[in-house]
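Please prepare a short briefing on the structure shown below, written for someone who has not seen it before.

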Amino acid sequence: MINMKESSTRSILAIVTIDEKLIIHSGVPTFLAKDKDTQEKISSELGRTLSGNIYKLANGTIIITQE
């Protein structure tokens, strides 16, 4: 389970998705996971490594923002 926190910043550090069609080339590092479990593991590791906040969007995409 992903631990989600609130943040006042809007800087996105990374994006993790399982849907290849949602990947756009925006300059934000984007990771494609093979399934939801892998997506959550990658997001959790990135969140800890980047000291970021993790949010899951309605479309299933996970974003990591700056604290």
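On one side of helix α1, Asp37, Lys41, Arg48 and Thr49 are exposed, where exposed means over 50% relative accessible area, buried under 20% and partly exposed in between, with a 1.4 Å probe and protein chains only. This is a predicted model, in which local features need pLDDT of at least 70, side-chain atom pairs count only at pLDDT 80 or more, and totals for chains, interfaces and linings use all residues. Residues are numbered from 1 along each chain as its sequence is written, and side-chain values use heavy atoms, with hydrogens and water left out.

**Helix α1**
- The buried residues of α1 are Gln39, Ser43, Leu46 and Gly47.
- Seen down the helix axis, these buried residues fall within an arc of 100 degrees, so they line one face of α1; the arc is taken from the directions from the axis to the C-beta atoms.
- They pack against β1 (12-17), β2 (30-32), β3 and β4, contact meaning heavy atoms within 4.5 Å.
- Helices (H or I, at least four residues) and strands (E, at least two) are DSSP runs, numbered from the N terminus.

**Ends of the helix**
- Aspartate 35 caps the N-terminal end of α1, with a side-chain oxygen 3.3 Å from the backbone nitrogen of aspartate 37.
- After α1 comes serine 51, which has a positive phi, near 50 degrees.

**Strands β3 and β4**
- Strands β3 (residues 52-56) and β4 (residues 62-66) run antiparallel and are joined by five bridges, pairing being defined by at least two DSSP bridges between strands.
- Tyrosine 55 has isoleucine 63 in β4 as its bridge partner.
- The two strands, β3 and β4, form a hairpin with five residues between them, and glycine 60 in the turn has a positive phi of about 95 degrees.

Key: A polar contact is a pair of N or O atoms within 3.5 Å; within protein, one must be able to donate a hydrogen and the other to accept it, and residues adjacent in sequence count only if both atoms are side-chain atoms.
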